[in-house]
Amino acid sequence: MVLIWTQFGVKHKNVNVKCKVRVMHRGDSSGSSSSAESVKSEPGTPCLTAKPTGKDFYKVLGVAQDSNEDEIKKAYRKLALKFHPDKNSDADAEDKFKEIAEAYEVLNDPKKRSIYDQFGEEGLKNGMSGKVFRNNFQSDPQSSFFHGSDHFDIFFGNDFDGDEDLFNPFRQFPFSHVGGFTSYDCGLRRGRRRLQSKAVLHDLLVTLEEVMHGCTKHVKISRRRLNADGRSLRSEDKVLNVVVKKGWKAGTKITFPREGDESPDNTPADITFVLKDQEHPQYKRSGSNIVYTAQITLKEALCGCTVNVPTLDNRMMPLPCSDVIKPGAIRRLRGEGLPLPKSPSKRGDLVVEFQVVFPDRIPPQSREIIKHSLGQC
């Protein structure tokens, strides 16, 4: 049997990396070894240290490192609403929103948060679990990484399974044609990163009255989630509370990160609701204005009239018209429209568009009177 004996160290301050490889053949009790570099060591220096690197997700969300789940969720919602691209027109709003969502994804997941607290963002990217490091380093800070030993024996053909494969220094030391054998990955699997699933879009119908006052829509969704084994899936229902603010326009998007389907290869998808105006029996929407069509007779159009216009909050607004009203003429009731999205205390207009209803026929005697009356027009 061929056996490789290895020894690894990790550079720390004045400690240089060392790598010894010994190839042993049948009947050879001594073997041969080579050292890649000399080693300088300091008494009391641990073989491996871990220091968080990369982005400070706690700083991104503006929370303390000992914040609980509710505090993290509250901070995320506040910032997500502030920097949502549909509400914030700043050039960097979208990048900031993505950064906030990334921080929340990590800190809201106990396992990811534990890894991040010890190894930082790089630990997450490399798929570190930190389990082996914690178990050995905490029990004996002077020990090396591999189970408190300075070396680790690997037999060809073994499939070494477990959390150790996620924190694997052999990734940097591929073996090729060692002892006459072809390249070998040492049986340790590289940690795999799952891709983000494509966002799922849903139309969210809202009435003009709901846009007027604001509302919360309770939407039940069905989604697929992974079981504890990480491979099989289960179906589950969840109710999402979709908050619609006063005056929000059609096309506004409300996103719930990671609330959709997931799979063994993909992390949960985002769910995005797109606001869509529900057809109204009396009004049409035009931005923050609402348009009401008032039908009047030819007589009213020529001789004047007062039109009672209904408002969204169930009042009747009298609109006197003393001048001649032409078909398609417009009058405005200021401040009777929808709230402005960015200034909900202000409102658009209620636009009254006149439609003149002409008679199908005019009696002969009336026609003569009209001709005489309109002779000077």
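Buried denotes a relative accessible area under 20%, exposed one over 50%, and partly exposed a value in between. The legends below describe close-up views of a predicted model.

**View 1. Asp265 in the loop between strand 9 and strand 10 (266-267)**. With a relative accessible area of 47%, Asp265 falls between the two limits and is therefore partly exposed. The C-alpha atom of Asp265 is separated by 8.8 Å from that of Gln196, a residue 69 positions away along the chain.

**View 2. The aromatic pair of Phe256 and Phe273**. Five aromatic pairs are present in the structure. In this one, the ring centres of Phe256 and Phe273 are 5.9 Å apart and the planes stand at 90°, so the arrangement is edge-to-face. Phe256 belongs to strand 9 and Phe273 to strand 11 (residues 271-277); the pair thus links distant parts of the chain, 17 residues apart. Phe256 and Phe273 are both buried.

**View 3. The tilted aromatic pair of Tyr283 and Tyr292**. The two rings lie 6.1 Å apart, centre to centre, with 55° between their planes. Tyr283 counts as buried because its relative accessibility is 4%. Tyr292 is also buried, with a relative accessible area of 15%.

**View 4. The aromatic cluster of Phe57, Tyr58 and Tyr116**. These residues are joined into a cluster through ring pairs.

**View 5. The salt bridge between Glu94 and Lys98**. The closest N and O atoms of Glu94 and Lys98 are 3.6 Å apart. Both residues lie in helix 3 (residues 93-107), where a spacing of four residues corresponds to about one turn of the helix. Glu94 is partly exposed, its relative accessible area being 42%. The structure holds 18 salt bridges.

**View 6. Asp349 and its salt bridges with Arg332 and Arg334**. In the salt bridge of Arg332 with Asp349, the closest N and O atoms are 3.2 Å apart. Arg332 is in strand 16 (residues 330-333) and Asp349 in the loop between strand 18 (343-347) and strand 19 (350-357), so this pair ties together parts 17 residues apart in sequence. For the salt bridge of Asp349 with Arg334, the corresponding separation is 2.8 Å. Arg334 is located in the loop between strand 16 and strand 17 (339-340), so its pairing with Asp349 ties together parts that are 15 residues apart in sequence.

**View 7. A salt-bridge network of Arg223, Arg234, Glu236, Lys238 and Glu259**. Salt bridges with shared partners join these residues into one network.

**View 8. A positive surface patch formed by Lys87, Lys245, Lys249 and Lys342**. Lys249 is situated in the loop between strand 8 (233-244) and strand 9 (253-256). Its relative accessibility is 43%, and Lys249 therefore counts as partly exposed.

**View 9. A negative surface patch formed by Asp66, Glu69, Asp70 and Glu71**. Asp66 occupies the loop between helix 1 (57-61) and helix 2 (69-83). Asp66 counts as exposed because its relative accessibility is 69%.

Note on methods:
Residues numbered from 1 in each chain as written. Predicted model: local features only at pLDDT ≥ 70, side-chain atom pairs only at ≥ 80, totals over all residues. Heavy atoms only, no water. Patch = residues over 30% accessible without salt bridge, like charges linked within 9 Å, V, L, I, M, F, W, Y side chains within 5 Å. Areas by Shrake-Rupley, 256 points an atom, 1.4 Å probe, with all protein chains shown as cover. Salt bridge = Lys/Arg side-chain N within 4 Å of Asp/Glu carboxyl O. Lys, Arg positive; Asp, Glu negative; His and termini not counted. Charge placed at Lys NZ, Arg CZ, Asp CG, Glu CD. Helix = DSSP H or I, 4+ residues; strand = E, 2+ residues; numbered from the N terminus. Buried < 20%, exposed > 50% of the residue type's maximum accessible area, 1.4 Å probe, protein only. Phe/Tyr/Trp six-rings, centres within 6.5 Å; stacked < 30°, edge-to-face > 60°.
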